[in-house]
Amino acid sequence: MENLGSFEQLVLFAVLRLGEGAYGVTIRETLEERTGRSVSSGAIYTALARLEARGLVSSSVGEPIAGRAGRPPKYYRIEAAGARALRASYEDLQALAGGLVGKLTALGAR
Amino acid sequence: VEPSPGRLLRAFACLFIRGPHAPYVLGDLEESLQRDVARGVSVRRARVRFLADTLASGTTLLRDGVRRSESAWPGASWIDVKLGWRLLWKTPVLTAVAMLALAIGIPVGLAPLHVIEAVDSAPPVAHAERILGLRFESIGRGGLPATALDLAVWRESLASFESLGAVRQVQRNVASDAGVGSPVPSAEVTASAFAILGTRPLLGRTLSPPDEVQDAEPVVVLSHGLWQSALDGDAGVVGSTIYIGGAPHTVIGVMPAGFNFPVREQLWLPLRDRPASEPGQGVGLFVFGRLADGVGEQAAEAEVAAVHAGMAARFPEPYGGLRTEVVSLTSLVANFPKGGLAAADGIGPLSLLSVLQLMALALLLVACANVGLLIFARTATRAPELAVRGALGASRTRMVSQIVVEALVLALLAAAVGLLLMDALAGTLLGDRNFKRHFGFYCKVQLAGQRCQRLRRGSRNRSRVGGRVAGDSAWVLNP
């Protein structure tokens, strides 16, 4: 079973959500919009490179688009192994976290 | 026009972001900037974000590259570091000699800066940079000491200073229990001096204006050191009588440890000078004050110059050929030039500090050159090894970077030893025991450990319950 770090999970969910259009800028914006976290491009690429080395995602260099000073984007796609790992992690999290939100609120987390 | 990060930022990003992901990260940075601007963010703000992301991404990629030992900068790698480490033990004599040279050269190279920093530092009181001294200076023929009359004039006419005070260093005999007197460095100060410095007494009170009256009861404030040594740290010392210069004085307070204003004084007596009728008469004083809120040093200097012009117009003798200089408290008391010891005259345009420092650096350079020669000799003996590697296909860059990294391992290690030695030396030579005896209040040896201690000391607000306070007690400062 492949283990995923929490940041890797976030990045994978962002890639999944974006589908065809998942590359550095869109992944970063998705993470920022949905989690409010500010992440650097560098962190996203290093995480994705690790995942790619484990065969969980694949990448392809796309056609150049405007506004990137001539540098083409690199698109990422989740592989079957990646989807399995992400699903397993998410299910683990749900199984453990189920019904505990109330408790967290009681402890002062809002 | 399409918004852009600008040539400079773009060049910096290209230099700073390295490694296989660099082109994609750089493209992303450009696109993010475009998107930010399209979203209504100002170009300025977008560029700041560009820079922040450049720094964050660059460091992340670099760290990642190092971790996976596939360096972002071509040529060098972890294996070179390992080889360098192994080489240290393979040529132990060279290692020992090189280490010795650098371990001595580095402390010597750093020593002048350390000494000057230690001597020429502001006293350890709150906002010391706002406490300035006033003195008469003339070009060529030395100054004139300020007197009680000058203090009175300045107090009346200067609005730039919240309050002014004065101090004079004197020697007084303090009689011990056995009746034997010993000379103690003492100071006669105005009551305002304690308020200007902002240091509260550990016990009792400091001097107050009524103490300055000519025939008032003789009183004294003791230093922590004198309290401990001469009075054995007696908690009930306030109100007792000690003999100073043969005359009984009532102890009214004890200052916290480390307070030895102005330099290394042990007791403080009220300054009871009456302004003389003629300017230039009377005993010399160090006059200083705390700048009033919102007044800068330049504004104070302008006002002081104006007041001096008035004094010189009324009394051409002695003020005519002089000017009033506004200097730091350290420069005033230690008689350093305006701008501190660093501004002291040396050779030509070089200050004394730079001459000393250059000499020390030359010595370090000699040590470095010797180590360089040794490493060169070591490399020369490895010609066969390098020839084989070249024949096997190693590039010139690869081999050169290996040699550089190997030398760097040795140098870093030697530098670490040198710095530790410096730390230990400065601790003993400039630390509490010897150096402080001479430079007392002003000595501030800035070393890692002691700096931490200072910070801790600052954050801890010590209670002053009970008489005896552990030897190294806290500074009790006004908020």
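1. A residue is called buried at under 20% relative accessible area, exposed at over 50%, and partly exposed in between (1.4 Å probe, protein chains only). By that rule, 5 of the 6 residues of strand β9 (residues 286–291) of chain B are buried, so the strand is largely enclosed by the rest of the structure. Strands here are DSSP runs of E with at least two residues, and helices are runs of H or I with at least four, numbered from the N terminus.

2. This is a predicted model, in which local features need pLDDT of at least 70, side-chain atom pairs count only at pLDDT 80 or more, and totals for chains, interfaces and linings use all residues. Residues are numbered from 1 along each chain as its sequence is written, chains are lettered from A and ligands numbered from 1 in the order in which they are written, and side-chain values use heavy atoms, with hydrogens and water left out.

3. Strands count as paired if DSSP finds at least two bridges between them. Strand β1 (residues 131–137) of chain B runs antiparallel to β9(B), joined by 4 bridges; here Ile131(B) has Arg290(B) as its bridge partner. Strand β2 (residues 161–175) of chain B is also antiparallel to β9(B), with 6 bridges, and Val167(B) is partnered by Phe286(B).

4. Between the chains, 25 residues of chain A are in contact (heavy atoms within 4.5 Å) with 23 residues of chain B. A salt bridge is a side-chain nitrogen of Lys or Arg within 4 Å of a carboxyl oxygen of Asp or Glu. The rule finds 6 salt bridges across this interface. One of them joins Glu29(A) to Arg35(B), with the closest N and O atoms 2.8 Å apart.
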